[in-house]
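Let's take a quick tour of a protein model. Have a look at it first, then read on.

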Amino acid sequence: MQHRYLFQMSQTRLAPPGPCELAVIGAGPVGTSLAILAAQAGFTVTLIDGRPSTDENSTDTRTFAVVRGSWRLLMATGIGPELAGQTTPLNGLDAEDGGTHWFGAPHAAFSAEDLDRDPNGEPLGQMVPAGALQAALDRQTAEVPGLTWLRGARFSGMTTGPAGAEISLEDGRMVRAGLVAACDGIHSAVRNSLGLRTEGRSYGKSVFAADVTLSRPHHGIARQLFTPEGPFATLPLPGDRANLAWYMKAGAAETLAKLPKNQIEAELNARFADFAGEMRMDGPPLSYPLVMQIAEKMVGPRTALLGDAARRINPLAGQGLNLGFKDVGALVDVMTSARETGLDPGSDTVLAQYQDWRRFDAAATAMGMDLIDRAFSNDNGLLKGLRGLALTAANRIAPLRRALARQASADQAHLPSLMR
Ligand SMILES: Cc1cc2nc3c(=O)[nH]c(=O)nc-3n(C[C@H](O)[C@H](O)[C@H](O)COP(=O)(O)OP(=O)(O)OC[C@H]3O[C@@H](n4cnc5c(N)ncnc54)[C@H](O)[C@@H]3O)c2cc1C
C-alpha cells in the first residue's frame, strides 16, 4: 500500500512529503471522509492528524444518528462492508413534550414515509457507533491511491500566498498544498492561526450518555422527551438496546456518571421508565459539556473550515456531524467543478462558492437547535402553549411534517452530489 509505505518512512526518517493539492488537518470523521472522497475524485491529498497510529478508537462510546443524505456520502467512501452488522436503521423520530399541559402531552412523529411514501424505501438514517465509524474510515484510507496519511503529525502553523500554503508540523516538517481543509475540531489550531474569531455560548448544561437495554422493543424509533430541565432521548441500537442522552445542568451529568451502576439505573428508571421502559445499563456512562460555537467565516486564504472547526452546535437533534458531512460533500463538489472549468480549487473565488453554499445552512441549524433548546427547556406558560401548537402542527399538517423530515434527514434539493 502506497500510504503505508510513506507512513513507515515518515516514522523512521521524517521524510518531507511532496506537495499536494489538498492538505486535510484532522482525521476525525469529517477529515477522514473528506480525504477519502477528494482522493477518489482524483486529487492528491495529505491527511495530517496528531492522534497516534496505535489509537484503536475504542474509547468513544457515542452513537451518531447519521441521516439519509450523510449515509449516502459515507457509502460513497466505500466503508459499507466494514460497517455491515454494526449499524441500526433509523425508522422514525418521535418528539414528546413532557411539560404539564391541561390538554395532554403534545407530540410529533416522523417516519421514512414522510420522505418518499415508500414503506420499503430507505430508512431516515442509520445509528452508527462512533468507534466503528472511525475505525472503518481509518482502514479505508489505505485503499485509496493518492492519499498519504502523516500520522502522529500535528499542525503548528502556516503561511499562505498566491501559489499555495506552506504548513509547518510540530515535528519540524513542512507540507505544501494548494488548499488546506481545517477539520481539526472545536479548538481548531488552523482556524486560530488565521485569526478567525468564534461566537457562541456555553449552555451551562451537560449531556449524560450511556448504552442501555430496554424492557420494550424500540422498533428503530428515536424518541425524545422534552422536560422543563432538558430533553431525554433514546436512540435505537441493535436488538433492544439503546443509546440514551439526558441533558442536565452543568455538573449534574458529571456527578451522575460517577455514581455506581445500580444507583444510576435507579435514577433513570424513577424518572423515565414510563417513557422508555425499564432500563439496564450495559456500558460505561459518559458526560459532555454543551456549547454552541460558530466561526465568523468558513474560509480564509487558501483554507476552508469544515465540521466542528467551523461550528459546534447543540447535539439535541443529532445534527452536528451531519452538518460536517454536508461541508465535505460541498467542498468536494466545488473543487471538482473548479478543476473542470480550469479554476484553482484553492482560489478565493472557489472558496467563496464553498462558503456561500454552506454558511447559511450551518448557522441556521445552529440557531434552530438553540431556539428549540430555549423553547422546550422551561415551563413558561406562553412558551408551553406555543411549543404544544408547533408539535401538533408538525404532527397533523402533512406537508409541514414532510418538509421538516426532509430537512432533518438531509434529503432535500441543493444537496452536494454525494448526498443525493
Ligand atoms: C454527546 C454528543 C453527541 C453527539 N451526537 C451526534 C449525533 O448523533 N449525530 C451527529 O451528527 N453529531 C453528533 N454530535 C456531534 C459530533 O460529535 C461532532 O460534530 C463530530 O464529532 C465532529 O467531527 P470533526 O471530524 O469535525 O471533529 P473531531 O471529531 O473533533 O476531530 C478532530 C480531529 O482533529 C485532530 N486534531 C486536533 N488538533 C490537531 C492538530 N493541531 N493537528 C493535527 N490534528 C489535530 C484530532 O486528533 C481529531 O482527530 C454529538 C456530539 C456530542 C458532544
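**What surrounds the ligand**

The shell around the ligand is made up of 15 nonpolar, 11 polar and 6 charged residues (Ala, Val, Leu, Ile, Met, Phe, Trp, Tyr, Cys and Pro count as nonpolar, Asp, Glu, Lys and Arg as charged, and the others, Gly among them, as polar). Keep in mind that this is a predicted model: local features need pLDDT of at least 70, side-chain atom pairs count only at pLDDT 80 or more, and totals for chains, interfaces and linings use all residues. Residues are numbered from 1 along each chain as its sequence is written.

**More on the shell**

- Of the 32 residues around the ligand, G26, G28, G185, G307 and G320 come nearest (near means a C-beta atom, placed from the backbone, within 6 Å of the molecule or strand).
- Helix 10 (320–340) is one of the elements supplying at least two shell residues, and helix 10 gives the most, with 4 residues (helices are DSSP runs of H or I, at least four residues, and strands are runs of E, at least two, numbered from the N terminus).
- Domain 1 and domain 2 both give residues to the shell, so the ligand lies between them (domain bounds come from an automatic or database domain assignment).

- Most residues other than glycine have a negative phi.
- H219, in the loop between strand 12 and strand 13, has a positive phi near 55°.
- R302, in the loop between strand 18 and strand 19, has a positive phi near 60°.
- H219 is exposed, with 8 other C-beta atoms within 10 Å, whereas R302 is buried, with 27 (buried means 20 or more other C-beta atoms within 10 Å of a residue's own, exposed 12 or fewer, partly exposed in between, with C-beta atoms placed from the backbone).
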